[in-house]
Amino acid sequence: MACAARLALTRVGKACGVSLGLSPLSPLRLGCGIKAVDALLRGGLVRGRINEITGAPSSGRTSLAWRFLASATRAGELGAVIDCGNNFDASSAEAIGIELSRLLLASPGNLRCGLHCTEEVLAGGGFALVVLDVGSTSMRGIASSAWLRLAKRAEHSASALLLLSSTPLAGPSAFLSLSLRRIETRWNSPVAKKHPCLATLFCGLVVEVRVRRSRVGPAGESTVVYFTSEGMPLIACEVPGVGGGGKGEAGWEGPKAAQGG
Amino acid sequence: MRQKRRIACIAVDEFPLAALYRVEPELRGRPVVITEGVGPRAEVISVSAEARRLGLCTGLSATQAQAVCSRVVVRPLCADNLLGAENALLDLAHSFSSCVENAGFGVVFLEASGSTAMYGSEERLMAAVSAQGQKVGLTLRVGVGSSKVVARLAASVSEALAVPAGEEASFMASLPIDLLEPSHEVALSLDRWGIRTIGQLVSLPADQVVTRLGKPGWELVRRARGEDTALLCPSAPAREFVEATELEYPVDNMEPLLFVLRALLERLVARVKLQGLTAGSLRVSLWLAGMARGETEERTIGVVSPTDEVKALLALLRVELERKPPSAPVERVQVTIRPARPRPVELDMFSPARPSPRKLAATVAKLVAACGVNGVGSPYPLDSYRPGDFRLDCFPPARKRSAEGLDASCVEELSHLALRAIRPPAPVEVFCDRGWPVFVRGRGFGGRVVNTAGPWRVEGEWWREGSFSREYFDLEVSDGGIYRIYRDLASQNWFIDGTYD
């Protein structure tokens, strides 16, 4: 009914020569908001298909998956995360931009139950993106036909299904498969090395996103993304030998104990 | 102009039989008799039309009935079936009117004045009642009249009949006097006088009838004139929906028990839907073999998202019974649903299409059945300094939470790093040099520390039992991972609580 009303208003707007500023209908692709990645994927993840993101631990795969979720939930759509390993962190998810009130989180405890939950969510419908986070759960007893069944479920729904794992799982059932590799870890340490009393900060990861398999474009293309980390709060302290406005040297601030209560 | 009063009567023929058909619909069309009590001498009190055609009637014993027809199905009168059918009938009546009287044994009266405004005509009202009756497994007769007596007579003679106001006398004149259900003595007297129809009774002088028959005669005369001897006495709608059944033999297996529970849930949900409600919570009462009379084992299951999907409710029951199985074979089962109003959702013309609230509630209920009540919901970070603290709200949340953090335009510019939490935090071995971690070893990871950030001290909730005081470090380890670990300052133990990914 909402779609019919939107179309009717668009026609009215055109007839009057007025743009009514209506939001676009749900696109077939689901972007993440990072221009380089969206360009690499020719728009983003594919709805109604299995998409896969794989990578070693600390390769940035979770950050990229949460970016897709942030993009979907910020656009007003619903998202779901089936968290088999109970690894979801609400604070970092919110910092990435996920609208948590539009996110359904389920923690099944094992992959078999996780597959069942994913099927139920896809069958229920209404979610733009469903993320199945396999984590480090055991694959024992999971037949390869499970992914085929999941692919069929996704086809009948309008949801993009995203598998998040350390190794490729879906095989030929995956419409799009990305692999992530950490190129560099950034630490804010050049000044700290000179002054041991200064704290080092973990700044983020530089990650290569490569298309491992794609049915809509060539495989092998890649791009580089920088994910920044949100450090602990800082306070100012006097740093010996480092003057304010010294060329090439930052005014360092040390760590603080955040007192509760 | 003052609206004339109209009363509808909903009646169920052969109520014990109808209650049985509601539970065992496969018996429709077969010769069935209901007996009072069990055993070969139990008296037949209700006979199906097929059994009547074969020569069976009330008053026979069970043995006699089987002798007349060997393929007759004999069932004892079941109080659970009767109560369930009676409650279903009341729920149905309450879905049409707020003023409902339970006359007992399959007869209810409801205030139907003004029903034409909603249904257009009384015929449409009667058709709607019959249709709803099919949904709860009952075949109904509906009559509408200006009094309870007239409505009851209309339901007795026809499946759906509305007696127009002012035509009660002509309608009742030719009806047999037995329909007014006179007492045995009064009926004998009337038979001796040759009074066979209601019209004949009305034509007699009322004072003469009262002189000879007394008060019962006076009440009979009033009913013959279409006057009620008592006002419509409304009853309040039930707050809970209950269905019970006694099992043929004690059951100690999950699958047969779930089969029975499914049937109970289907009947309950049909009744709940009549009122436009959904299931808010479930309570299962089990009578177990060997338990003292009146003792039951109970399980209460809260439905996180009220739903009317039988499959989702059955899944919740299965999870609960598997978690805590009955301690003995089950002889009788009762399921109670406490209803809840479905949560309304305000649609927005300019937002993407959402699933219907009922469908979403059913999906969430199925997830809760699979993951547990504490495993499904919408995450909500707590206002706490303890890193990683969050709770799960019901999904979707009842009130929209304020969107904190970045707005849509900023999301594109900054790409934050996610943390994969490890729950519960796992103990690790950390080797330090002058207070700095240099080697870390834990379950599934370990290596030399390549880079370190920290420490950050976090303390909180000192006024509670669960106070915490920790020193956090971010470590890049030679195995390739980047971890967040902390040292508990109270115990001086090290733990890992997340991986940056």
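Predicted model: local features only at pLDDT ≥ 70, side-chain atom pairs only at ≥ 80, totals over all residues.
Ser48(B) is placed in the loop that runs between β3 (43-47) and α2 (49-53) of chain B. Its relative accessible area is 1%, so Ser48(B) counts as buried.

I turn next to helix packing in chain B. Helix α1 (residues 15-23) and helix α4 (residues 79-94), both of chain B, pack with their axes 9 Å apart, at an angle of about 90°. The two helices, α1(B) and α4(B), are therefore roughly perpendicular. On the side of α1(B), the residues that meet α4(B) are Phe15(B), Pro16(B), Ala19(B), Leu20(B), Arg22(B) and Val23(B). Their counterparts in α4(B) are Asn81(B), Leu82(B), Gly84(B), Ala85(B), Glu86(B) and Ala88(B).

Another helix of chain B deserves a comment, namely α7 (residues 148-157). Because 7 of its 10 residues are buried, α7(B) is largely enclosed by the rest of the structure. The buried residues of α7(B) are Lys148(B), Val149(B), Val150(B), Ala151(B), Leu153(B), Ala154(B) and Ala155(B). Lys148(B) also has its charged end over the ring of Phe109(B), 5.5 Å from the ring centre. In chain A, the charged end of Arg186(A) sits over the ring of Tyr226(A), at 5.1 Å from its centre.

Now to chain A as a whole. Its secondary structure comes to 7 helices and 13 strands. Of its 261 residues, 55% are buried. Taking contacts in chain A between residues at least 6 apart in sequence, 67% join residues at least 24 apart.

Which residues touch the most other members of the largest nonpolar core? That core has 67 residues, and the residues in question are Phe127(A), Leu132(A), Trp147(A), Leu261(B), Leu265(B), Val333(B) and Val335(B). Helix α12 (residues 254-274) of chain B gives the most to this core, with 10 residues. A second, separate core holds 54 residues, including Ala160(A), Leu162(A), Trp187(A) and Leu419(B). As for Leu132(A), its contacts beyond four places in sequence include Ile82(A), Cys84(A), Gly114(A), Trp147(A) and Leu162(A).

Over all chains, the search of the whole structure finds 14 aromatic pairs. In one of them, Phe127(A) and Phe395(B) have ring centres 6.1 Å apart and planes at 20°, so the pair is stacked. Phe127(A) belongs to strand β6 (residues 127-133) of chain A, whereas Phe395(B) is in the loop between β14 (390-393) and α15 (408-413) of chain B, so this pair joins two chains. Both Phe127(A) and Phe395(B) are buried. The rings of Trp462(B) and Trp463(B) have centres 5.6 Å apart and planes at 85°, so that pair is edge-to-face. Trp462(B) is exposed, with a relative accessible area of 63%, while Trp463(B), at 46%, counts as partly exposed. Finally, one aromatic cluster is formed by Trp66(A), Phe88(A) and Phe390(B).

Terms used
Residues numbered from 1 in each chain as written. Chains lettered and ligands numbered in written order. Heavy atoms only, no water. Core = buried A, V, L, I, M, F, W, Y, C linked by side-chain atoms within 4.5 Å. Buried < 20%, exposed > 50% of the residue type's maximum accessible area, 1.4 Å probe, protein only. Helix = DSSP H or I, 4+ residues; strand = E, 2+ residues; numbered from the N terminus. Contact = heavy atoms within 4.5 Å. Phe/Tyr/Trp six-rings, centres within 6.5 Å; stacked < 30°, edge-to-face > 60°. Lys NZ or Arg CZ within 6 Å of the ring centre and 35° of its normal. Axes fitted to C-alpha atoms, helices over the stretch in contact; angles between N-to-C directions. Parallel < 35°, antiparallel > 145°, perpendicular 65-115°, else oblique.
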